[in-house]
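Please read it with the sequence and the model at hand.

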Amino acid sequence: MKGKVEVDMPVLGIGGVFVKSSDPDLSRRWYQEVLGLELNSYGGFDFSHAKAADAFGDGARTILARFEDGSDYFAPSQQPFMINLIVEDMDTLLARIEASGTQLVGDPQSFDYGRFAWLVDPDGVKIELWEPPAKTAA
């Protein structure tokens with residue numbers, strides 16, 4: 001690409017993430033049981049953009065980012081991608097994960113832009129849990 005092209009952004013956001021699985025039923029059950037997600041009628045999971053925006057204001061966003069090939073940020077996963085899920089109550093979710101017997105990858109961490117924890121799903125995909133900072137009054 002030559003130079004910077006200034007245009008209105010016609011892409012509004014990510015409409016879905018679709019992942020191959022060697023055992024889709026096992027993977028769906030894991031997301032239901034470990035993370036508490038509700039299966040929709042199409043066999044996937046819906047996330048309300050409005051609910052995230054209501055809870056976190058401008059802190060709720062979907063980020064599409066590229067990492068260098070040599071990055072170890074997705075480790076221990078061998079997959080070339082990671083899924084970041086916005087959560088509203090990290091402590092409750094961490095208790096649910098612990099009760100399921102699922103191990104976290106490393107220790108949860110807190111930053112000024114939110115709290116994070118990591119785990120790996122049955123297909124070897126690293127899942128990053130992100131609780132943005134609470135919405136502040138304007």
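Rings of Phe, Tyr and Trp (its six-membered ring) count as a pair if their centres lie within 6.5 Å, and planes under 30 degrees apart are called stacked, those over 60 edge-to-face and the rest tilted. In one of them, the ring centres of Tyr 113 and Phe 116 are 5.7 Å apart with planes at 65 degrees, so the pair is edge-to-face. The model is predicted, with local features requiring pLDDT of at least 70 and side-chain atom pairs pLDDT 80 or more, while totals for chains, interfaces and linings use all residues. Residues are numbered from 1 along each chain as its sequence is written, and side-chain values use heavy atoms, leaving out hydrogens and water.

The accessibility classes below use a 1.4 Å probe on protein chains only: buried is under 20% relative accessible area, exposed over 50%, and partly exposed in between.

| Residue | Relative accessible area | Class |
|---|---|---|
| Tyr 113 | 46% | partly exposed |
| Phe 116 | 8% | buried |

Both residues belong to one aromatic cluster, formed by Phe 111, Tyr 113, Phe 116, Trp 118 and Trp 130.

Strands here are DSSP runs (E, at least two residues), as are helices (H or I, at least four), numbered from the N terminus, and two strands pair if DSSP finds at least two bridges between them. Strand β3 (residues 114-120) runs antiparallel to β4 (residues 126-131), joined by 6 bridges, and Trp 118 has Glu 128 in β4 as its bridge partner.
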